[in-house]
Amino acid sequence: MADDKANAAAYWKANVRLITGCLIVWALVSYGFAILLRPLLAGIPVGGTDLGFWFAQQGSILTFIGIIFFYAWKMNRLDKQFGLGE
Amino acid sequence: MSQFAINLLFVGASFALYIGIAIWARAGSTKDFYVAGGGVHPVTNGMATAADWMSAASFISMAGLLASGGYANSTFLMGWTGGYVILAMLLAPYLRKFGKFTVPDFIGDRFYSNTARLVAVICLIVASITYVIGQMTGAGVAFSRFLEVSNTWGIWIAAFIVFLYAVFGGMKGITYTQVAQYIVLIIAYTIPAVFIAIQLTGNPIPGLGMFSTHSESGLPLLVKLNEVLNELGFRDYTADVDNKLNMVLFTLSLMVGTAGLPHVIIRFFTVPKVADARWSAGWALVFIALLYLTAPAVASMARLNLMTTVYPEAAGQVESYEDAMTDPLAYEDRPGWIRTWEETGLITYTDKNDDGRIQLYNEGNEDFAETAEARGWEGSELNVNNDILVLANPEIANLPSWVIGLIAAGGIAAALSTAAGLLLAISSAISHDLIKTMINPKITEKGEMLAARLSMAGAILLATYLGLNPPGFAAQTVALAFGIAGASLFPALMMGIFSKRVNNKGAVAGMLTGLLLTLLYIFTYLGWFFIPGTNMLPNTAENWIMGVSPLSFGAVGAICNFIVAFAVSSATEEPPQEIQDLVESVRYPKGAGIATGH
């Protein structure tokens, strides 16, 4: 029982750590590159405009897809690893 | 065949398809009605979620707002996609594990309180009805144009059809019809975009064409667009915004709203396994992105097309824009699409300087007033409603009439699918959470279904009435709904999973704080219950507190919700042990059954 508990706690900790990492990337591309850091990226040209504009209109969306699939894949592995899957 | 007949044919055929599927998969039991038997594959579910999600706001309205706002309105693109990241990681898998039908079910059980359940029902209804108002606005625009009736009639027709459709479908019907609707709407959105991208840039992929060279002028498309807009006193399309705080909060509001909207969350109850809930969110976003990566291209290209329609000589390699701008289109020679949209009242022309020509420029720009005066202009003469842009797009680009029929079918599919999903969420909150769980547990299945249908009828009447005088363009009204859901439901759901300490009192206080603060801020600027003329302050940037628009306030409401909930919880007792065990159990996929009712 104690082992189960420790195992479950470790699983949850790993999940929260993974979520935190993913959310950092999520915030970086949208709130960061596309909005707040756009002036810093202004020097990088992309098709008639700058990288920040591209992130705001397309780049962030593509990154979001990547994040979700990465998370789903990683969590499925964690489920198995900790024996907590269905 | 006339355009009217072609439109009817396309809209009619797509309807026959949805109704056919709805009948074929008719809901039998209450469980089927709400969650489609819990057995939907993640890809199918992702596609249905995408259709559910992409409403009139995404399909009809968003590109128009992007076109008029340029970079500043990128918030819609990021906000309505970024929310899926939060949903996939912070809510969907755990709510699936919890295994009940509805959002108030979770909140009521997790916070062991019928008060919490009731507050959740109220939040859900307020957010969903606001959302339906936006759908009615968009559907009204679509119906008025394609059935060649006034905008008001368009809205009533839309209301009638949405009602029929939602009442007889239920979730199971809706899951499969929504797959069909997704296919119709994505084809309808993409085909005109591809044609236009080829016309303007030679690149058949709109999302890439937007960042490539404009064939006629030889300049990058966005550079060309900026140049033309500049000559007319408009801001650069790609111009950065001054108020970054508002932009960040707006994006955040849309994201947390995405994760807090009941009709999207409910989708994740219908997948067989917890792991599938994660994949489903990913697939939903893939299908959504197909439209969202095209939308900014549609927006920029349509804006350029509109400008070069009015100023034909500005289109090519221009030596002096002055000549091009002083030779605008004569009103007599206006193209057919302007004529047809004038009939709906959504395009208006007033010849302010009596020269018989169309002047379209930024009359609000004081620095530009001198130039305008020198050109003999006395005000911008063409008023184009943002919401018509996508629907008028094929006509603006002179595409064949079947493309116009197709986009009519797509726009109507988008509005219908979302409105139906929302009505379902509203009706299940009333019939299941309010009546069955709280008022009369002994109600028969038949009685429950009747209550569900009656509440749908009530919701749609109210939304239609308010949709006749909407608080904004379709996408803006919908954005308000997101703010409300994000400020009230999202924090409660997230704390319910990630904190064992937040108790019933904290959750109720938090939800009420988020909901009431956000509503107060919105109503202050947009009128009490959106009734025009009852606003206490004019809805302009100077009057907003710290420049935060009512559309962005949901994020502030959500933050206050979290703070109040934690403060109240830590001042009161811990939740009982069985609730802490419940929180523990939703965190692990092991042992999830199919979604159950009770």
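Student: What makes residues of α10(B) count as buried, and which residues are they?

Tutor: The buried residues of α10(B) are L221(B), L222(B), K224(B), L225(B), N226(B), V228(B), L229(B) and E231(B). The model is a predicted one. A residue is called buried if 20 or more other C-beta atoms lie within 10 Å of its own, so each of these residues reaches that cut-off.

Student: Why is helix α10 of chain B described as largely enclosed?

Tutor: The helix runs over residues 221-231, and eight of its eleven residues are buried, so the rest of the structure largely encloses it. Just after α10(B), G233(B) adopts a positive phi of about 80°.

Student: How do you know that domain 1 and domain 2 of chain B touch?

Tutor: Two residues are in contact if their C-beta atoms lie within 7 Å. By that criterion, 32 residues of domain 1 of chain B are in contact with 23 residues of domain 2 of chain B. Domain 1 consists of 3-301 + 396-586, and domain 2 of 322-395. The centres of the two domains, taken over C-alpha atoms, are separated by 33 Å.

Student: Which elements build the side of domain 1 of chain B that touches domain 2 of chain B?

Tutor: Two or more residues each come from α4 (56-69), α7 (114-146), α8 (151-201) and α19 of chain B. The largest share, eight residues, belongs to α4(B). By class, this side of domain 1 has 20 nonpolar, nine polar and three charged residues.

Student: Which residues is A120(B) in contact with, leaving aside its neighbours within four places in sequence?

Tutor: The contacts of A120(B) are V103(B), P104(B), I107(B), G108(B), L489(B), A492(B) and M511(B).

Student: How many residues do chain A and chain B each bring to the contact?

Tutor: Chain A brings 36 residues and chain B brings 41 residues. On the side of chain A, the elements giving two or more residues are α1 (2-36), α2 (38-41) and α3 (51-81). Of these, α3(A) supplies the largest share, 16 residues. This side of chain A comprises 24 nonpolar, nine polar and three charged residues.

Student: What does the UniProt record place in chain A, and where?

Tutor: An unreviewed UniProt entry places "domain: Sodium symporter small subunit" at residues 9-84 of chain A. That span is 83% helix and 5% strand, and its end C-alpha atoms lie 11 Å apart. The record also gives "transmembrane region" for residues 21-41 and 53-73 of chain A. In the model, residues 21-41 of chain A are 95% helix and 0% strand, with end C-alpha atoms 23 Å apart. Residues 53-73 of chain A are 100% helix and 0% strand, with end C-alpha atoms 30 Å apart.

Student: How confident is the predictor in chain A?

Tutor: On the scale of pLDDT, from 0 to 100, chain A averages 93, and 98% of the residues score at least 70. Among the elements of chain A, α3(A) has the highest mean pLDDT (96), whereas strand β1 (residues 45-46) has the lowest (90).

Methods:
Residues numbered from 1 in each chain as written. Chains lettered and ligands numbered in written order. Predicted model: local features only at pLDDT ≥ 70, side-chain atom pairs only at ≥ 80, totals over all residues. Helix = DSSP H or I, 4+ residues; strand = E, 2+ residues; numbered from the N terminus. Nonpolar A, V, L, I, M, F, W, Y, C, P; charged D, E, K, R; others polar. UniProt positions renumbered as here; feature names shortened; annotations may be inferred. Domains from an automatic or database assignment. Buried ≥ 20, exposed ≤ 12 C-beta atoms within 10 Å, placed from the backbone.
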